[in-house]
Amino acid sequence: MADSLSSGHLLDSFLSYAPLNNLIDNVDADQLITISELDDSQRVAVTEALNSRVSVITGPPGTGKTQVIENVLANAFIMGKKVLVASKNNKAVDNIKDRFDTVDPTGYFVRFGSKRYVTENTLPAINRLLTTISTINNSTNDYDTLALLYEQSVKDIKEAKVTLARRNALKQEMPNLLAEQKHIQQSLLIYAQVHQHSLDTIDKEYGSIKDLKNISAEDLNLYLSKIKILKSKTLAKLSGILGPWYRMFYKKKLAARLLKETLTSPSLLKNHFVKLDLKSDVSQFNITDDFECYCNTIIRFVEEALLMHKKIDIENARYNDHKSGPERRLSALLRDIPVKQKDLEKLNALEASLNDRISRRKKWLEDNGQKLLHSYIYHYIAERQASRIVHDYKAYIPDNIPWKNIDYTDFVRKTKYFIDVVRLCTVTSLSVKNAFPLCDDLFDMVVIDEASQCDIASAIPLIMRAKQLVVIGDPMQLQHISTITDDEENEIKRYLGLDGKMYVRYAKQSLWDYCQSFISNSKTGMRVPCMLQNHYRCFPDIINYSNEIFYKSRLGHRLIVKTNVDKLKVNPQGIVLVDVKGVQESHNMNINIQEVRKSIELAVNSACQFPNATIGIVTPFRHQAEKINTFIPDKFADRIEANTVHKYQGDEKDIMIYSLVVTDNSPDCK
C-alpha cells in the first residue's frame, strides 16, 4: 500500500504543487439536472465541480452548500461517475445524507463511519437496499426512455449553444470586420498618396530628364553597355601602337561609327542628346580627347537616368511591400464579409427558436431531475448480479477487512464491484479506512465538505482515492485545531521528503487554503474559488454583521441577503443581548453556571413558544457545553442541543443561544 500512495496521479500533483491541467469536461450550466432548486451562483459552482479536476467552492453559512453538493452528486451520478462525499465533521456528513434521502427513497446514498456506526447504521441500511434490489422489476423502469431523453436534451442544448455562440461571435465580429475594411481602404489610400508624393519628389529632382522614366532601365543599360564598349574599343585603337595610323586614316570612320550609335539610340535619348550640344559631324572629331569627352558625356547622362530609375524602383518596391499585405487582407474581407453577413442574418432568424429550445430542454431537465435520478439508481441496482456483489462486499465490514496482501487484493476487487453498483457513498474523513481500501482512483470524484476545518494530512487518504476533487468550505470560519509545533511539522516534512516545500503548512493551513493556492497555479480551467453569493438562512441583521466584518472586508465579496423574513416565525428576531452576572468556576474549568441556567431557561421558553423550532446552545468551551447538556430536560432532548463552536460548524438551528462563559473573574488568557 505504501507503493500505491506514491503513484496516485492527482495526489502526486497535489503534494508536489505541480501546475494542473484543470479543465477535464465542458458541461454547461443549462445542461444540469436539478433535484433541488439552484440559484445562478450555485449552478456555476455545480458546473465548475463537474468540469474541474480540482475545484474550490466558497460556501458561507446559509448559501446552500448542501444543495450544491446534492446536485453535484446527482449530475455526476447521471454522468456515470462514482462519488464519495467526506468531511471531518459528522454533522456535515449527516446533513448531506439526510438532504439527499429526501429525494431518494431507496437509501442508495450509503453513509459509512466508525466501526460502531457501520454496525449500527450502515449494515442495516445496506440490508434495506438489498431488500429493494430483490423487489425491483427492471421491466417497469423507464430508464431507457429517460436516458434517451436526457442525452437528447443535453445534445440539443449543446448544439443550440454552439449555434448561438457562433451567432454572438459573428455579431461581435461584423462591426470589427467592417471597421477593419474601412481602415485598410483608408490606409491604402494614404499609402497611394504618400507613394505619389515620393514619385513627384523624384520627378522634381530629375525634372529635365523625368520623361526618360518611360524608357526601361533594361534598354538604358543595354545602350550604356554599347557606348562603354565602343568607347573602350575606340580609345584602345587611338591610343595604341597603331594610334597614329588610325588617327591618320580611320579617324573619320571611327567618328562615323560613334555618331551612328548615338543616332540609333531610343528617340527620347536622341532628343536629349540634341540639348546636350553633342558633336554632330565627323569633322568635329580631331583628337582622341574629342572621342573620350563625347562618350563620357553620353555615359554620365545615361547613368543619371538609370539613377532616377533606381530611385523609382526603390520607391515602387517600398510601396508594394507596404500595400501587399493590406491588399490581400482587403481581398479576403471583401470575399468573407458578404458570406458572414448572410450567415448572421440566418442565425439571427434562428435566435428565438434556439433560445426556446434551450429553455424547453432546460425546464425538462429541471422538472425531471428527481425522476432521472431514480431511474438511474434503479438501473444500477437492477444489474443482474447486484445482490451478490453487495453481499460479497458487506461480508468485509466493519471487522473483516483483511491486512494480508493476498486477501487485500480480493477486498479491493470486491469493493470496486460494490461501488460500480452503489456509486454514491459518504463517510467521515477519519473513518474512510473502515469501508474502502487505500488504492488509487477508487472514486471518480471525492467531495470534501467543511474543508476549512479539514487539515491537509487527514485529506490525503481521501485524495489518493480520487480522480477528481471538489473542496467546499468557508475560509472565514474556524480552522482545524493543531497542537503540532513548527519544529515538529518541519521534522515530519523532512521524514516524508517534503522539506523545503513552503506550500505545505499543516498546522497553519486548512485544506481549503491549500487548494485555493494550488488551483491558482493551474494551466487550464478553474484558477480561483467559486463563491456562493446568496444567503437564505438568517435574519438580515445577523448575517449583515458577518457580511461587513468578514466577507466584504476580507474576501472582497458581499453576500446578497435573500432571507424570506416572512417565514421566520420566531420573536424577537435578529440579535438579542442578555446580560448575565456570573462567575467562572475556576481558571482551568471553563464553566459559568449562571449562564448555564440562563441558557436553559431561554432554550426551554423558546421550545415551548415555538413547538417546531430547533434550538442550539453554542459556546467556545467544551466544559460549558457538557454542563449545559446535563441541564436539558428529557422532553426537549431531541430539540435542544449544546455544543462547541467547532462541533456546530456544518450544522444549523432555528434559534441559537451563545454562551460566552467569560466574565469578570476569568483569567486574562480567556
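The model is predicted: local features need pLDDT of at least 70, side-chain atom pairs count only at pLDDT 80 or more, and totals for chains, interfaces and linings use all residues. Residues are numbered from 1 along each chain as its sequence is written, and side-chain values use heavy atoms, with hydrogens and water left out.

**Domains**

The assignment gives domain 1 (10–139 + 394–532), domain 2 (141–382) and domain 3 (576–658). These bounds come from an automatic or database domain assignment. The centres of domain 2 and domain 3, taken over C-alpha atoms, are 86 Å apart.

**Salt bridges**

A salt bridge here is a side-chain nitrogen of Lys or Arg within 4 Å of a carboxyl oxygen of Asp or Glu. The count is 38 salt bridges. Three of them are set out below.

| Salt bridge | Closest N and O atoms |
|---|---|
| Lys161 with Asp30 | 2.6 Å |
| Asp455 with Lys88 | 2.7 Å |
| Arg494 with Glu491 | 2.8 Å |

Helices and strands are named from DSSP runs, numbered from the N terminus (helices: H or I, at least four residues; strands: E, at least two).

Take the salt bridge of Lys161 with Asp30, where the closest N and O atoms are 2.6 Å apart. The pair links distant parts of the chain, 131 residues apart. Lys161 is in helix α7 (residues 143–205), while Asp30 is in the loop between α2 (9–16) and α3 (40–51). Lys161 counts as partly exposed because its relative accessibility is 28%. Asp30, at 13%, counts as buried.

Next comes Asp455 with Lys88, whose closest N and O atoms are 2.7 Å apart. Asp455 has 4% relative accessibility, so it counts as buried. Lys88 has 34%, so it counts as partly exposed.

How far apart along helix α17 are Arg494 and Glu491? They are 3 residues apart in α17 (residues 486–495), so about one helical turn separates them. An α-helix has 3.6 residues a turn, so residues three or four places apart point the same way. Arg494 is partly exposed at 45% relative accessibility. Glu491 is partly exposed, with a relative accessible area of 45%.

Salt bridges that share partners also build a network: Asp28, Asp30, Lys161 and Lys362 are joined into one.

Helix α19 covers residues 540–555. A straight helix of 16 residues would span 22 Å at 1.5 Å a residue, but α19 spans only 19 Å between its end C-alpha atoms. The expected span is 1.5 Å times one less than the number of residues.

Where is the kink in α19 centred? It is centred on Asn547 and comes to about 50°. The bend at a residue is the angle between axes fitted to the seven residues ending there and the seven starting there.

Asn547 is also one of the buried residues of α19, with Ile543 and Tyr551. These buried residues pack against β7 (530–531), β8 (534–535) and β9 (560–561), with contact meaning heavy atoms within 4.5 Å. After α19 comes Gly556, whose phi is positive, near 80°.

Terms used. Buried < 20%, exposed > 50% of the residue type's maximum accessible area, 1.4 Å probe, protein only.
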